[in-house]
Amino acid sequence: MFRRKISRIGRGTLEAGRAAAELARVAAATLGGAVFGYWRGKRPKREIARQLYFVGNRSLLFVLTTLGFVGMVMVYQTCLLTTQVVDGRNQVGAQWARLLVLDVGPSLTAMMLATRVGAGIAAEIGSMKVTEQIDALRMSGVTPVSYLIVPRFFACIAMSVVLTMFGMAAAWGAGGLTGYYSFHINPRIFFDLGMVKPSFAIVGMIKAVAFGAAIPIVSGFCGLRARGSSEGVGAATTAAVIGSSFAVIVLDFAISWIGMVMLGASA
Amino acid sequence: MTAISVDGVTKRFGSRRVLDGVSFAVEPGARLGVIGPAAGGKSVLLKIVAGLVAPDAGKVRVRGAIGMLFQNSALFDFLNVFDNVAFPLVHGMPPRGGAGPRPQAEPSEPREARMRGPGVAPRAAAGIDTGNIDQRVRERLRAVGLAGAEHKLPSELSGGMRKRVGLARATVAEPDVVLYDEPTAGLDPVTTSKIYELLRGQPSTAIVVSSDVEAVAQFADTIAYLDEGRIQWLGPAHALFHADDPRVRRFATGEAA
Amino acid sequence: MKRFIQSIGRQTMNAARDAGGIVVLLGDTIRALFPPTLDGRELLRSLYKMGYKSVPIVVMTALFVGALMVIQLAAFVKQFNARALVGWGTGYSVLREVGPILIGLMFSGRVGANNAAELGTMTVTDQIDGLQALSIDPIRYLVVPRVIAMIVTLVIMTTIGDAVAILGAMGMSKVVLDIHPLTVWYSLVDNLGVADFLHGIAKAAVFGAAIALSSCYYGLTVKGGAVGVGRAVNAAVVSSAVSICFLDFLMTYLMA
């Protein structure tokens, strides 16, 4: 009985390894397809525009709401904390701006996009897979990755950057309101960009781009692996949401670390 | 020169051996019918020949371009009928068969498609210009009796109509080999005979996987009976119903065991 | 432009209607708790499915999140040489905010989605009607066990996640800031108390209820076949995310 369990773990690990390798391949194919395709002049503008409308329209309100509430919470908690020790209330706005640009803005927006957009991509591609349309694409001489994933890749990156900026604005603004109404922080003191160095904005943008790139790759990958019928598509959707969210967290960690190392103590 | 040659193909799913040392050859222009009990490996075999799935062992060699008609037609539900049929012409030739070990299993792409390179601008395949595409698509739709349905979406079509659109799409690039996976499954007898009429009009080499034994026996030159992963019987179609092997005869005629 | 505004308006209306529906479901669920007749088997099944299978992803996520917190604090620590801050700062944010929110989001994406899909498929295949025809109250039989299971599971997951995140932070501190992990630990236990932990746990419980009610509501009100199930799952996950953020703020405000 024990042996069976070990062989199951072994097989599971092997499967995971194979899946990871396949994911890396899809990622490389997407990036390669995007870069070379763009260079060779293949810009599926209509498809990208369609994706942009689809994604952006339905996600904007969602992102604004969630980031807004998070902004309120974070400022509230920080104010509570600082009033306990020493009155650092005047710092809160500036600190929050820094944290938003560097980390929370891009990552939280991306987590929201992972649920909204990632699920949609996996569902679309997944149902194509279970109805053999992916096979039909290949028989017609088209690589599914370049036809399906690359346009979404471009659209998601653009969306991620745009929505991140909206989200940060919402979080900062909502935070400022909370600071004013609950802790009487003068808005002019709160809305202070002094702590945000240009290098922070660059790191934040790199994150937004990386997250926007990761979500369609992971979700598309999960969609392409869908098996069976509508249950399989559902499983692919769930995997896409979890996988994209996890990818965002790992990338956040990695980019933050690299940023800290490269920018030194000033980060 | 054989058009299709399959040699010792084996495929396992987990511990189950779905195909075990399958070998056969098809001459150019000839028609092979593959019959057998459900889940006997017929669809998998067809996909291996098409290059969509890689065998665990064995070799497949196909001369020329391949077209495929899928069990559920697999029409692109985001494109209308015209765009569906035009798709292979707009986006490049169907993958050509090649000798030697097949490329890895999905979701990797067949080596042939990869050689074309990612991100190739959508242009008509070599030797076909855009005006020509329009003509060829309309000709195909006329041939399958669906002229006038160009702007419909797949969701607006009946099962039989979808199969016909699928057939038009599979043959519009004039492939040398066409593979049919259950072309008449779920269709009424009248539609079934109409579909086989269309198949007969195709000059290409063909492999048909079907559960409709009678119809396939009329259409094909040779029949292969696939059961438990092996070809249990391979012979001319007219000899099927008098086969020596009692299992085969029973399956073909539907006699009780 | 007009279409855009119309879209926003429509989304808001839908949101309001769904919010109302979820509150009604909450009422029904509470009502179904008295008298407490519980399908123990269904409860255990849910607990296993939701909890046991979520552990790996929670652990992996928490590890990275803990490490991430340390990176964010690193600049301060180096600037002010405030090494004693690491444990306290990390612990405070993880226990009270980041832990419950992120684990809640992961949980909603996984368990919430699965639950909505399951109930949605049951609705589409008329199994819910079938239950009612047998005079079994679907709320009592299906919803209540899942709500309880999700609350319990999310609380456990959050606890595990908090612990792993702190471990991740301890490890990262050593690697990046060369602070001994135990220093981090002492800094944490010196400055934080059970109250902070419970603050987060209370949130986790509320989030669990929100995710459960949201996924059950959308699952049970599915219309339109397989496509409708997909839409329900999407709606459930989105609404859970918004609820988590909103409830987080509300509870922070009320518990301050």
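Okay, let's start with one residue, A:Ala170. Leaving out residues up to four places away in sequence, A:Ala170 touches A:Leu64, A:Leu67, A:Gly68 and A:Gly71. Keep in mind that this is a predicted model. You'll find A:Ala170 in helix α5 of chain A, which covers residues 144–183. Buried or exposed, then, for A:Ala170? A:Ala170 counts as buried, because it has 22 C-beta neighbours inside 10 Å, and the cut-off for buried is 20 or more. Also, A:Met72 is 98 residues away from A:Ala170 in sequence, yet the two C-alpha atoms are 9.7 Å apart in space.

In soluble globular proteins, nonpolar side chains tend to be buried together. Here, the largest nonpolar core has 229 residues, and the ones touching the most other members are A:Ala214, B:Val49, B:Leu179 and B:Ile207. Which helix gives the largest share of this core? That's α3 of chain A, residues 89–130, with 20 residues. Take B:Leu179 as an example: again setting aside residues up to four places away in sequence, B:Leu179 touches B:Leu46, B:Val49, B:Ala50, B:Ile66, B:Met68 and B:Ile207.

Next, how do the chains meet? Two pairs of chains are in contact, and A and C share the most contacts. Chains B and C have no contact between them, and their closest C-alpha atoms are 14 Å apart. Back to A and C: 41 residues of chain C are in contact with 37 residues of chain A. On the chain C side, α1 (2–33), α3 (55–80), α4 (85–124) and α9 each bring at least two residues. The one giving the most is α9(C), with 14 residues. Sorted by class, that side of chain C has 26 nonpolar, 10 polar and five charged residues.

Helix α8 of chain C, residues 194–220, and helix α9 of chain C, residues 225–255, have axes that come within 8 Å and cross at roughly 150 degrees. So α8(C) is roughly antiparallel to α9(C), since the angle is over 145. The crossing of α8(C) past α9(C) is right-handed. Among the residues making this contact are C:Phe207, C:Ala210 and C:Ile211 from α8(C), and C:Ala236, C:Ile244 and C:Leu247 from α9(C). The contact residues of these two helices come out as 13 nonpolar, seven polar and two charged.

Notes: Residues are numbered from 1 along each chain as its sequence is written. Chains are lettered from A and ligands numbered from 1 in the order in which they are written. This is a predicted model: local features need pLDDT of at least 70, side-chain atom pairs count only at pLDDT 80 or more; totals for chains, interfaces and linings use all residues. Two residues are in contact if their C-beta atoms, placed from the backbone, lie within 7 Å. A nonpolar core is a set of buried Ala, Val, Leu, Ile, Met, Phe, Trp, Tyr and Cys residues joined through C-beta atoms within 7 Å. A residue is buried if 20 or more other C-beta atoms lie within 10 Å of its own, exposed if 12 or fewer, and partly exposed in between; C-beta atoms are placed from the backbone. Helices (H or I, at least four residues) and strands (E, at least two) are DSSP runs, numbered from the N terminus. Axes are lines fitted to C-alpha atoms, for helices over the stretch in contact, and angles run from 0 to 180 degrees between N-to-C directions. Angles under 35 degrees count as roughly parallel, over 145 as roughly antiparallel, 65 to 115 as roughly perpendicular and the rest as oblique. A crossing is left-handed if the near helix is turned anticlockwise from the far one by less than a right angle, and right-handed if clockwise. Ala, Val, Leu, Ile, Met, Phe, Trp, Tyr, Cys and Pro count as nonpolar, Asp, Glu, Lys and Arg as charged, and the others, Gly among them, as polar.
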